[in-house]
Amino acid sequence: MQSEIQAKPWYKEFWVWFILSLLGSSIVLGTSLLIIATRNPPGLISDNYYDVGKGINTSLERENLAIRLQIKGELLLDNDAGTATLQLTGLSRPQQLVLNLVSPTQPERDRRVVLQLRDDGRYFGQMVDAVEGRRFVELIGQEGGNDWRLFEEEEVGSGKTVLLGD
């Protein structure tokens, strides 16, 4: 009595197709990730650390000037009217201020508002569209030919008062 085991052809084996499907899916997934990475480069990474360091030093100098001038501000945004109003205290009264509302992760949501000094001593500016959510709030002014800067990370929205320089 002789028992012969009949071997199946390789293409009828489960494990062959299982391993081939793993290899094929990893190639498809890897190629997809490569295409996504090349079409959407990271925007938050800087290649020039020297320029970033110089920028940090400049920011610190501007913030220290704001401290010496005892500048503080109360910012009120009104999304319905599209306005930004600022009450500024301290030893500086420039005719114009620049308000930057910077999104930490989405550069396309950054907004810049130019604030003009009005007769009542407050600053007023028009916003292009509504600003809501977490933002880096940067206020830049000039005194004696030097820029000063107030900078806070705040949750902004219509009707919320943002305190700068505290």
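## Starting at a helix

Let's begin with Leu23, which sits in helix α1, a stretch covering residues 14–39. Keep in mind that this is a predicted model.

Now for the inside. In soluble globular proteins, nonpolar side chains tend to be buried together. Here, the largest nonpolar core has 24 residues, and the ones touching the most other members are Leu75, Leu86, Leu99, Leu115, Leu139 and Trp148. At least two core residues come from each of these elements: helix α2 (49–68) and the strands β1 (72–78), β2 (83–89), β3 (96–102), β4 (111–117), β6 (133–143), β7 (146–156) and β8 (161–164).

Leaving aside residues up to four places away in sequence, Leu86 touches Gly73, Glu74, Leu75, Leu97, Leu115, Arg122, Tyr123, Leu139 and Leu164.

## A look at strand β2

Is β2 mostly covered or mostly open? Mostly covered: five of its seven residues are buried.

On one pairing, β2 meets β1 in the antiparallel sense, with seven bridges between them. Asp78 stands opposite Thr83 of β2. The β1–β2 hairpin has four residues between its strands, and Gly82 takes a positive phi there, near 70 degrees.

β2 also pairs with β5 (residues 123–126), again antiparallel, through four bridges. Within that pairing, Thr85 has Phe124 of β5 as its bridge partner.

How values were computed. Residues are numbered from 1 along each chain as its sequence is written. This is a predicted model: local features need pLDDT of at least 70, side-chain atom pairs count only at pLDDT 80 or more; totals for chains, interfaces and linings use all residues. Side-chain values use heavy atoms; hydrogens and water are left out. A nonpolar core is a set of buried Ala, Val, Leu, Ile, Met, Phe, Trp, Tyr and Cys residues joined through side-chain atoms within 4.5 Å. Buried means under 20% relative accessible area, exposed over 50%, partly exposed in between (1.4 Å probe, protein chains only). Contact means heavy atoms within 4.5 Å. Two strands pair if DSSP finds at least two bridges between them.
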